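Dear colleague,

Please find below the structure that I am handing over to you.

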Amino acid sequence: MNENLIQQLFADTQAAFAKAPIKKYADANGHLWNYSISSTRITEGANLIIGFNWGVSGNEPYKPQNEIPKENFKELYDKNDLGSLQRIYLPLKQRFPAEDIDNAMQTNFCFFRSKTEGEITSEDLMLSTPLFQQLINIIKPKRILAFSKKLQSYCIESALCSDLEEASFPSNKRTLHTAKGNLKLNDTVVPIYFLPHPNAKFTSIARKKAWDFCFGNK
């Protein structure tokens with residue numbers, strides 16, 4: 001891991017957050033939300049598991065993250081410290097070698113915190129995109145697994161994805177939309193798979209079909 005590049009990413013994130021609409025919103029409402037870069041240690045060439053952005057709990061203040069954690073994905077799973085992502089560990093283990101999952105890195109596309117996804121604006125996302133690209137250039141992930149419908153929409157609408165394949169599956173009165181392709185950030189191309197968030201209210205049958213579409217039947 002290139003420590004100089006990590007420190008540059010922290011500095012650039014701090015500078016971007018200072019200009020972000022979500023910071024202005026948080027400041028105006030007396031919130032200290034700040035930002036974070038990763039919940040796990042960095043392992044080059046591993047799977048990258050991402051959501052949309054970092055959340056907050058109640059009125060709790062958050063300090064800006066200034067160092068990368070030491071735990072890997074498996075260690076957080078064993079501590080029951082992955083939140084809703086605890087539920088994706090076993091499906092992942094069914095489809096990938098243990099090393100790919102246990103050493104996976106977990107983060108979010110947008111490093112800025114908010115209480116709801118709707119509080120993150122298009123400008124926040126524009127500020128976040130080059131930061132995420134910096135992270136990608138550091139870790140060079142094997143693949144990206146994204147668990148956010150809003151992120152899926154943003155990546156597609158912003159033409160960040162190429163070779164895109166989409167599929168839809170009925171789930172009671174709802175429809176689960178999934179997709180797979182390549183995430184293109186300047187000259188960097190990484191396979192990306194959009195899967196339903198563990199908290200999304202879809203049937204187990206629809207979820208399995210989405211996973212099978214992305215990775216084959218299991």
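Is Lys93 buried, partly exposed or exposed? Lys93 has 30% relative accessibility and therefore counts as partly exposed; buried means under 20% relative accessible area, exposed over 50%, and partly exposed in between, with a 1.4 Å probe and protein chains only. Please note that this is a predicted model, in which local features need pLDDT of at least 70 and side-chain atom pairs count only at pLDDT 80 or more, while totals for chains, interfaces and linings use all residues. Residues are numbered from 1 along each chain as its sequence is written, and side-chain values use heavy atoms, with hydrogens and water left out.

Salt bridges

Side chains of opposite charge can pair when their charged atoms come close. The structure holds nine salt bridges (a side-chain nitrogen of Lys or Arg within 4 Å of a carboxyl oxygen of Asp or Glu). One of them joins Lys93 to Asp102, with 3.7 Å between the closest N and O atoms. Asp102, at 16% relative accessibility, counts as buried.

Another pairs Lys23 with Asp27, where the closest N and O atoms are 2.7 Å apart. Both residues belong to helix H2 (residues 21-28) and are four residues apart, about one turn of the helix. Helices (H or I, at least four residues) and strands (E, at least two) are DSSP runs, numbered from the N terminus. Lys23 is partly exposed at 24%, and Asp27 is partly exposed at 43%.

In helix H3 (residues 73-78), Lys74 and Asp78 are likewise four residues apart. Their salt bridge has its closest N and O atoms 2.8 Å apart.

Nonpolar cores

In soluble globular proteins, nonpolar side chains tend to be buried together. A nonpolar core is a set of buried Ala, Val, Leu, Ile, Met, Phe, Trp, Tyr and Cys residues joined through side-chain atoms within 4.5 Å. The largest one here has 46 residues, and Phe112, Phe132, Ile144, Leu151 and Leu183 have the most contacts inside it. Helix H6 (residues 122-139) gives the most to this core, namely eight residues. A second, separate core has 24 residues, including Ile88, Tyr89, Leu92 and Cys214.

The chain as a whole

The chain contains eight helices and six strands. Of its 218 residues, 53% are buried. Its C-alpha trace spans about 45 × 40 × 35 Å along the principal axes.

Yours sincerely
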